[in-house]
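Hi everyone, thanks for coming. Let me put the structure up on the screen, and then we can walk through a few parts of it together.

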Amino acid sequence: MPVSLIPKSRRHFLQTGALASLGALTVSAGSNDSWYALLADTHIDANPEKDARGTNMAANLKQVVAEILAEKTAPDFVVVNGDCAYNTGLKEDYTTLRSLIQPLLDAGIPIHLTMGNHDDRGPFYTLFPDAVAGAKELEGKHLAVVETPHANWVFLDTLDIVNKVTGRLGNGQLEWLSRTLDQVGDKPILMMGHHNLQYPKEGSTATVTGLADTVEFMEVLSSKPQVKAYFYGHTHSYAFSKSRSGFHLINQPPVAYLFNESRPNGWIKASVSAENLSLTLNCIKKDHELHGEKTSLPLA
Ligand SMILES: [Fe+2]
């Protein structure tokens, strides 16, 4: 469920164009210096002192927010790609989250949040009443498209059941996605959703930990060559790969704890040109060997 928090100072950028008729949100800001701060898996608990796996999640998010605000220019937007809350998406978790991201809103920076399996829509809405209502509601899913100069960003909703690991888009969302991608034009499409792709294994009875309807998702995308990338979180393990049809798969690092201590946590600074998607990893630990790693992915 992407929820878009647009500071009052930026609301004049909202337009009512073709995308708006899809129930999508259009933000037509942007310049040559445009960049985007990509976060995932913040796992904020009500108690800002809470630690998990040796990590204080609130301290990590506080650090990331400060780093974003310390950049020379403000990002066009910040995204938190799911698992915003610690475990079950309590109202109190979102109260703490809200206070931690408030400095970004105070600085006039829009924030888009998607829902992961550790989020809960009801309590989330209570704490974010200023979420833009333009997001299309469809079978309990909330979807958005954000237009930027060189790409259209599509925020998907993969939350199925709160605190159950499996993700699912569902038929309604897949139909919406197919229609939407046909109507948004030829710019490269950059998609974000919380869960990773996972193809079914024949005969396996193991719980699906990724996106249960990956096959159906890929079927929709097979006729949409403008789709260039899918960003996801969930695994807490920064990585790059490609889908079977050849678009980029970017596994965002968690802001919060790691399942494998050797992997980096942190956030990605992204910029988009007509030719490339440029990504810079900002690690929580500045002495991590991957801190500052730059990755350039072709969009052509
Ligand atoms: Fe997570």
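**Helix, rings and a pocket**

Let's start with helix α2, whose buried residues are D93, Y94, T96, L97, R98, L100, I101, L104 and L105. Please keep in mind that this is a predicted model. The helix α2 covers residues 91–106, 16 residues in total, and spans 22 Å from its first C-alpha to its last, close to the 22 Å expected. Where does α2 bend? The bend is at L100, by about 40°, and a proline, P103, follows within four residues. Just after α2 comes G108, with a positive phi of about 85°.

Now to the aromatic rings, where the count comes to eleven aromatic pairs. One of them is W153 with F231, a stacked pair with 5.8 Å centre to centre and 25° between the planes. W153 sits in strand β9 and F231 in strand β11, so this pair ties together parts that are 78 residues apart in sequence. W153 counts as buried, at 0% relative accessibility, and F231 is buried too, with a relative accessible area of 0%. Y230 and Y232 are also stacked, because their ring centres are 5.8 Å apart and their planes lie at 20°. Both of these tyrosines, Y230 and Y232, are buried. If you'd like to colour a group on your own screen, Y36, F77, W153, F155 and F231 form one aromatic cluster.

Last stop, the largest pocket, with a volume of about 200 Å³. Its lining residues include Y199, P200, K201 and S204, and the lining divides into five nonpolar, three polar and one charged.

Thanks, happy to chat!

Technical notes:
Residues are numbered from 1 along each chain as its sequence is written. This is a predicted model: local features need pLDDT of at least 70, side-chain atom pairs count only at pLDDT 80 or more; totals for chains, interfaces and linings use all residues. Side-chain values use heavy atoms; hydrogens and water are left out. Helices (H or I, at least four residues) and strands (E, at least two) are DSSP runs, numbered from the N terminus. The expected span of a helix is 1.5 Å times one less than its number of residues. The bend at a residue is the angle between axes fitted to the seven residues ending there and the seven starting there. Buried means under 20% relative accessible area, exposed over 50%, partly exposed in between (1.4 Å probe, protein chains only). On a 1 Å grid over the protein atoms alone, a cavity is a set of points where a 1.4 Å probe fits but cannot get out, and a pocket is an open set with protein on both sides within 12 Å along at least five of seven lines; lining residues have an atom within 4 Å of a point. Grid points are joined across faces, edges and corners, and a volume is the space filled by probe spheres set on the points. Ala, Val, Leu, Ile, Met, Phe, Trp, Tyr, Cys and Pro count as nonpolar, Asp, Glu, Lys and Arg as charged, and the others, Gly among them, as polar. Rings of Phe, Tyr and Trp (its six-membered ring) pair if their centres lie within 6.5 Å; planes under 30 degrees apart count as stacked, over 60 as edge-to-face and the rest as tilted.
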